[in-house]
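Hi everyone, thanks for making time this morning.

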Amino acid sequence: MGNKKITINIGSFKFEDMSLAVNRSDSELDFKTAFSFYIENVGITTVELSRRSGISERTIRRYRNGNQGKEFKTIIALCIGLGLCLKRSLQLINLAGFSLIPTYEHDLYFAFLCNAYCSSLTIEDCNIILVSNGYKPLV
């Protein structure tokens, strides 16, 4: 059975050659590869991702090159900035070596990730909600 190239457009997210994300197990896929793949398929520049996520362009470039230690809140902010669906966000978080745990703060992160894909939720909105609930902002 040969590999077929499939292109699916959903909003601004274009899935092209999903063999990278679908046909490889998480043990074969690393954060750097997945992160770069999602940036390219969302069709977003480093400048725009920086604006949407509140993460510096330098940090984004370092994550793409695999030259940066990862921080949990930074990964959450990048997923929100990319507008990834929940499944892809959780995959990226897991590939970065993190997971969501059953706490109220992480429940808020989960809600942000659920809404980032299909709404106009911004990083500023997330930070306001976190601070109003007594937590530190994402960025």
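Let's start with the surroundings of F31. Setting aside neighbours up to four places away in sequence, F31 is in contact with Y63, K70, I75, L92, L95 and A96. Do keep in mind as we go that this is a predicted model. The residue itself sits in helix α2. Is F31 buried or exposed? Its relative accessible area is 5%, so F31 is buried, given that the cut-off for buried is under 20%.

One of those partners deserves a second look. L95 is 64 residues away from F31 in sequence, yet from C-alpha to C-alpha the two are 5.0 Å apart in space.

Helix α2 covers residues 31-42, and helix α4 covers residues 57-65. Their axes come within 7 Å of each other and cross at roughly 120°. That angle is why α2 and α4 are described as oblique to each other; roughly perpendicular would need 65 to 115 degrees. Which residues make this contact? On the α2 side we have F31, K32, F35, S36, I39 and E40, and on the α4 side I60, Y63, R64 and N65. Sorted by class, the contact between α2 and α4 has five nonpolar, three charged and two polar residues.

On to another helix pair. Helix α3, residues 46-53, packs with helix α5, residues 72-82, at an angle of about 115°, and their axes are 8 Å apart. That makes α3 roughly perpendicular to α5. For those of you who like handedness, the crossing of α3 and α5 is right-handed. The contact is built from L49, R52 and S53 of α3, together with A77, L78, G81 and L82 of α5. By class, the contact of α3 with α5 divides into four nonpolar residues, two polar and one charged.

My last stop is S89, which you'll find in helix α6, residues 86-95. How accessible is S89? Its relative accessibility is 0%, so S89 counts as buried. And what does S89 touch? Leaving out residues up to four places away in sequence, the answer is C79, L84 and L113.

Technical notes: Residues are numbered from 1 along each chain as its sequence is written. This is a predicted model: local features need pLDDT of at least 70, side-chain atom pairs count only at pLDDT 80 or more; totals for chains, interfaces and linings use all residues. Side-chain values use heavy atoms; hydrogens and water are left out. Axes are lines fitted to C-alpha atoms, for helices over the stretch in contact, and angles run from 0 to 180 degrees between N-to-C directions. Helices (H or I, at least four residues) and strands (E, at least two) are DSSP runs, numbered from the N terminus. Angles under 35 degrees count as roughly parallel, over 145 as roughly antiparallel, 65 to 115 as roughly perpendicular and the rest as oblique. Contact means heavy atoms within 4.5 Å. Ala, Val, Leu, Ile, Met, Phe, Trp, Tyr, Cys and Pro count as nonpolar, Asp, Glu, Lys and Arg as charged, and the others, Gly among them, as polar. Buried means under 20% relative accessible area, exposed over 50%, partly exposed in between (1.4 Å probe, protein chains only). A crossing is left-handed if the near helix is turned anticlockwise from the far one by less than a right angle, and right-handed if clockwise.
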